[in-house]
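Biologist: I'm new to this structure. Could you pick one part and take me through it slowly?

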Amino acid sequence: MRSSDVSRRRMVKLAGAGLVLLGAGASACGPEDESSGGGPDVPRETAGTPAPGSKPQPAWQHATTYDGLAWISAIAVVGNVVLVSGDPLVARDISTGKEIWSRAEVTTPGANMLVGDGTLYLQSARYDGNIVGLDPATGKDTWRSRMGDQYSQPRPIAADANHVYVVAGILDKEFRTPENVIAAIDTASGKVVWREKRDKGTEQNGITARVAGNRLVYTDFRENLTVRDTATGHQVWTKKVGRSNNRGFVVHDGLVILANGEQMRAYDLADGKERWSFRTERFSRFNDPAVLDGVLYVSDTAHGLWAADPATGKAHWHDKGSLDVAAPWQFAKVGDVLYGATEFDKDGGIHAYDPGSGKLRWTYNDGSGDLQRWYLAAGGKQLVALHAKKVTALPIG
């Protein structure tokens, strides 16, 4: 069964409930932690780059409260701090894994770890219309804003040094939200700078957004690709891209790059014109792309891995991989190693690749057999992975 098929069915099933739930939140057991997510933390003292053909030993590993509900950014690294979505929200030292701070009931279930200009922005756990900003180093509140009583459950979707961008439902007389707005809130004053009503029928959930200079770029449940001016909210352009594209996309050097079924496509950020595209194998679909150190990396559902020039779409290499090796959906690069995190495969995990050829060096799997997706994040010279109820620091190399 292909990972894209599992993902698509799960989103269709749960979208009717108004939530994007991408995992059952089940606890996992493995050789480093034989307890459930509520059990004790389990640090590892030994770690090192694995010998050829063997998997690495974690630098450290701890239980988490992750609920399996986050969309894309379930884990984030800010400076020397690792943040994992969950309740309580816990911050750890990236080098040692030691807990720095913990706060219960600080945000809603499934919150993405959205960081802008060094601040973590979250929807208030009280569902009171507030957006809060936390200092990742201390966990203390540093910022708070409220859009108004006429709006329902504003959620941050992107942030930069000047604005927090949110989506909120517009309450009607029956307290329903048939329409919604996208808005920018000033990070200095907490005041709404602009708000724009979105087209009727657009959904509040399933939004992925990126900020690039003076442009806010977002997709909504993978149907539309829209670009707005960050200063005014004016819609620069929008186009239908269909449900066939995936959650994540890349904004790089004046281009918006996304997966669109069997094709990778690049659109000009200024005018929305298609600049290049390339196609994967028949009956296969692309997963989420990433641009790291000036190279576009993407996998497909035939378990292949691609590297290309993000400016032209010209392929550097295409490793067709193996059906026995799960394809990654999320990437990071530390030093001269490319890392990929898989999803919905008990034999998946974190892959380490040669970025010059796509050849697999090693795979780390916690042995839990849990089908939840893996997440990864890099900070400095450290790689951190999240899977089910465990967060793990892996050696690089």
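Modeller: Helices (H or I, at least four residues) and strands (E, at least two) are DSSP runs, numbered from the N terminus. Residues, too, are numbered from 1 along each chain as its sequence is written. Keep in mind that this is a predicted model, where local features need pLDDT of at least 70, side-chain atom pairs count only at pLDDT 80 or more, and totals for chains, interfaces and linings use all residues.

Let's look at strand 24, which covers residues 305–308. Strand 24 pairs with strand 23 (residues 295–299) in the antiparallel sense, over 4 bridges. In that pairing, Ala307 of strand 24 is the bridge partner of Tyr297. The two strands make a hairpin with 5 residues between them, and His303 in the turn has a positive phi of about 75 degrees.

Now for strand 25 (residues 315–319): strand 24 is joined to it by 4 bridges, and these two run antiparallel. Here Leu305 has Asp319 in strand 25 as its bridge partner. This hairpin has 6 residues between the strands, with Gly313 taking a positive phi near 80 degrees.

What about the two faces? In a regular strand the side chains alternate between the two faces of the sheet. Both faces of strand 24 are covered, with Leu305 and Ala307 buried on one side and Trp306 and Ala308 buried on the other. Buried means under 20% relative accessible area, while exposed is over 50% and partly exposed lies in between (1.4 Å probe, protein chains only).

Notes: Side-chain values use heavy atoms; hydrogens and water are left out. Two strands pair if DSSP finds at least two bridges between them.
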